[in-house]
Amino acid sequence: MTAHPDRTAEGVWDLTVATPIGRIKAVVEFRRRDGVVTGVASGAGEDVPLRDITVDGTLVTWKQSVTKPLRLNLAFAVDVRGDTLEGTSRGGRLPASKVTGTRRTTPARTSE
């Protein structure tokens, strides 16, 4: 089942970024508010807002700034396929890093 294009990114994602200094784990959450996709990334002890989020079919792009392990402005471009994604993250003049991720699924709540 393919997600509706406008809902492609929504949810909580566990990301792994394969950088030259090792793998970095992060959690990214995308939400839709009043028709606009917003998001926040958490990792390395900091939460940062996502900027310039675009969803074009299965392609999702965004920008974010981090201070750990280095101070960088990052640009992400990922292809979302169901509950997985893969793509790249680029920070300044550094080479692109491979990004992979899986959407968290939560069990349906039952009422007692």
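Predicted model: local features only at pLDDT ≥ 70, side-chain atom pairs only at ≥ 80, totals over all residues.
Residues are numbered from 1 along each chain as its sequence is written, and side-chain values use heavy atoms, with hydrogens and water left out.

**Stop 1: the aromatic rings**

Select F30, W62 and F76, which ring pairs link into a cluster. A search of the whole structure finds 2 aromatic pairs. Rings of Phe, Tyr and Trp (its six-membered ring) pair if their centres lie within 6.5 Å; planes under 30 degrees apart count as stacked, over 60 as edge-to-face and the rest as tilted.

How far apart are the ring centres of F30 and W62? They are 5.2 Å apart with planes at 75°, so this pair is edge-to-face. Now colour the strands (DSSP runs of E, at least two residues, numbered from the N terminus). F30 sits in strand β2 (residues 22-33) and W62 in strand β6 (residues 59-66), so the pair links distant parts of the chain, 32 residues apart. Both F30 and W62 are buried, where buried means under 20% relative accessible area, exposed over 50% and partly exposed in between (1.4 Å probe, protein chains only).

Keep W62 selected and turn to F76. The centres of these two rings are 4.6 Å apart and their planes are at 5°, so the pair is stacked. F76 belongs to strand β7 (residues 72-81) and W62 to β6, so the pair ties together parts that are 14 residues apart in sequence. F76 is buried, as is W62.

**Stop 2: the salt bridges**

Side chains of opposite charge can pair when their charged atoms come close. A salt bridge here is a side-chain nitrogen of Lys or Arg within 4 Å of a carboxyl oxygen of Asp or Glu. The whole structure has 6 salt bridges.

Begin with R104 and D14, whose side chains meet in a salt bridge at 2.9 Å, N to O. R104 is in the segment after β9 (97-103) and D14 in strand β1 (residues 11-19), distant parts of the chain that are 90 residues apart. R104 counts as partly exposed at 44% relative accessibility, and D14 is partly exposed at 29%.

Next, select K63 and D52, a salt bridge whose closest N and O atoms are 3.9 Å apart. K63 lies in strand β6 and D52 in strand β5 (residues 51-56), so parts 11 residues apart in sequence are tied together. Is D52 buried or exposed? With 52% relative accessibility, D52 counts as exposed, while K63 is partly exposed at 38%.

Then show D83 and R103, which form a salt bridge at 2.8 Å, N to O. D83 is partly exposed, at 39%, whereas R103 counts as buried at 15%.

**Stop 3: the largest pocket**

Finally, select T19, I24, V66, P69 and L74, the closest to the centre of the largest pocket among its 29 lining residues. A pocket, on a 1 Å grid over the protein atoms alone, is an open set of points where a 1.4 Å probe fits, with protein on both sides within 12 Å along at least five of seven lines; lining residues have an atom within 4 Å of a point. Strand β2 supplies the largest share of the lining, 4 residues.
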